[in-house]
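Dear colleague,

Please find below the structure that I am handing over to you. My findings follow it, arranged by topic.

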Amino acid sequence: MSNVVVVGAQWGDEGKGKIVDWLSERADIVVRFQGGHNAGHTLVIGGQTYKLSLLPSSVVRGGKMGIIGNGVVIDPWALCDEIERLRAQGVNVSADNLRVAENATLILPLHRELDQMREEAAGGGRIGTTGRGIGPAYEDKVGRRAIRINDLKNLDTLGPKVERILVHHNALRRGLGKPEVGADALMAELSEVRTKILPFMDVTWELLDSARRAGKRILFEGAQGTLLDIDHGTYPFVTSSNTVAAQAATGSGIGPRNLGYVLGIAKAYTTRVGSGPFPSELTDEIGRTLGERGHEFGTVTGRARRCGWFDAVLARQAIKVGGIDGIALTKLDVLDGFDEVRVCVGYEIDGERIERLPAGQNSQARVRPIWETFEGWSASTRGARTWADLPAQAVKYVRHIEELIECPVTLLSTSPERDDTILMRDPFED
């Protein structure tokens with residue numbers, strides 16, 4: 001039996017929530033290993049919709065342990081709000097089914113404010129962040145001035161750490177013409193929230209090691225997608241953490257040899273939220289139709305997603321960089337009814353064909369897609385649970401996608417409902 005890492009193979013919003021929830025029935029523990037509350041997962045279970053940002057998808061499954069790893073930056077107020085929202089929906093969230101890494105970095109109100117101030121000051125050059133403080137919190141983590149969850153245990157030693165981080169942030173705020181943050185005010189906020197967060201704190205790397213030794217199945221749940229990775233994504237239009245599968249080890253404290261099978265999630269088309277290059281983007285009626293059919297709005301931000309045809313070049317690149325073993329292809333049903341569907345099979349830049357996305361921002365902006373056109377299908381794929389339920393042209397489309405991305409499609413999703421899934425290979429049995 002294998003542990004499983006689930007990562008996005010596009011720009012995020014690939015439908016990871018449903019897949020992770022579907023896989024969580026086979027897992028004993030689900031671990032969130034990077035990102036913040038700027039990414040969301042939507043789960044539809046028995047007609048009930050749950051929207052998660054920080055909490056692992058396992059919390060809606062009774063008896064499943066969820067862990068927020070050290071690679072996540074945590075807004076404690078947002079986490080408390082999310083817990084209370086789920087409790088109002090009848091979901092039990094307690095230390096019995098949720099643990100938070102003691103060495104996870106906190107997102108403070110000043111991080112959120114700095115994020116928003118920078119985007120405002122950037123004008124037309126803004127990156128398109130969610131303004132939730134994720135980037136500034138990661139900056140402080142790397143700068144070794146962050147406040148971590150275990151710092152909340154002792155208010156006497158917390159004070160000097162607050163003063164140290166404020167030396168940095170108040171200098172930035174003065175430069176942006178904004179009022180400074182007082183140490184007493186920040187200490188008061190942290191003193192109030194600590195009592196709600198500390199009951200969940202644990203030495204999670206030790207917990208995971210014990211679970212691994214006991215033969216427990218562990219599911220590692222990523223946020224965003226490979227193309228938003230701080231190193232391997234469309235820089236600078238990326239998130240502030242590593243989103244590839246290797247981060248599951250660093251962001252949870254488990255050894256890389258114990259990660260197991262890597263499942264990449266990709267839509268049968270492509271979407272992106274925020275600014276940045278998008279070679280296969282469609283700004284015409286087809287793009288709008290994809291957005292309407294797919295209900296393409298960010299789970300966290302509510303922003304409309306940009307839509308386009310499937311980009312096999314980027315998917316293939318994500319698979320190689322991320323060490324992806326198999327692809328879960330989602331939202332196939334959104335392509336129902338098109339007379340023809342297209343796939344981006346290569347790029348052209350300044351008259352030359354290339355088979356990868358360049359690393360440089362200027363080169364990325366000049367990339368143009370090379371299309372391959374396929375016959376569409378009129379019969380519905382929605383709700384299909386076997387290959388026999390799919391139209392022949394839809395099967396042909398999926399098989400050709402496999403050839404283009406040089407990776408097997410091991411799981412196919414045909415609606416938001418968790419059971420509308422076609423499984424070719426169980427990742428936990430690999």
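Is Arg 87 buried, partly exposed or exposed? Arg 87 counts as partly exposed, because its relative accessibility is 36%. Please bear in mind throughout that this is a predicted model.

**Salt bridges**

Arg 87 has a salt-bridge partner in Glu 84, and the closest N and O atoms of the two are 2.7 Å apart. Both residues belong to helix H2 (residues 76-88), where three residues, about one turn of the helix, separate them. Glu 84 is likewise partly exposed, at 45% relative accessibility.

A search of the whole structure gives 27 salt bridges, and two further pairs are described here. In one of them, the side chains of Arg 118 and Glu 139 meet at 2.7 Å, N to O. This pair links distant parts of the chain, since Arg 118 is in helix H3 (residues 109-122) and Glu 139 is in helix H4 (residues 134-142), 21 residues apart. Arg 118 has a relative accessible area of 31% and is partly exposed; Glu 139, with 35%, is also partly exposed.

The other pair is Asp 333 and Arg 382, with the closest N and O atoms 2.7 Å apart. The accessibility of the two partners is as follows: Asp 333 counts as buried, at 12% relative accessibility, whereas Arg 382 is exposed, with a relative accessible area of 51%.

There is also a network of salt bridges, which links Asp 13, Lys 267, Glu 296, Arg 305 and Lys 331.

**Sheet and hairpin**

Ten strands form an open sheet with mixed pairing, in the order S9-S7-S5-S2-S10-S1-S11-S15-S19-S20. Its edge strands, S9 (201-202) and S20 (421-423), each pair on one side only. At the S9 end, S9 pairs with strand S7 (residues 98-101) in the parallel sense, over two bridges, and Val 100 is placed opposite Met 201 of S9.

Strands S3 (residues 41-45) and S4 (residues 48-52) run antiparallel and are joined by five bridges. Here His 41 stands opposite Leu 52 in S4. The hairpin of S3 and S4 has two residues between its strands, and Gly 46 in this hairpin adopts a positive phi near 60°.

**Helix H10**

Why is helix H10 (residues 312-322) described as largely enclosed by the rest of the structure? The reason is that eight of its eleven residues are buried. These buried residues are Ala 312, Val 313, Leu 314, Ala 315, Arg 316, Ala 318, Ile 319 and Gly 322. They pack against strand S11 (261-267), strand S14 (310-311), S15, S16 and H12.

Asp 311 caps the N-terminal end, with a side-chain oxygen 3.0 Å from the backbone nitrogen of Val 313. After H10 comes Gly 323, which has a positive phi, near 65°.

With kind regards

Technical notes. Residues numbered from 1 in each chain as written. Predicted model: local features only at pLDDT ≥ 70, side-chain atom pairs only at ≥ 80, totals over all residues. Heavy atoms only, no water. Pairing = 2+ DSSP bridges. Helix = DSSP H or I, 4+ residues; strand = E, 2+ residues; numbered from the N terminus. Salt bridge = Lys/Arg side-chain N within 4 Å of Asp/Glu carboxyl O. Buried < 20%, exposed > 50% of the residue type's maximum accessible area, 1.4 Å probe, protein only. Contact = heavy atoms within 4.5 Å. Polar contact = N/O pair within 3.5 Å; in protein donor to acceptor, adjacent residues only side chain to side chain.
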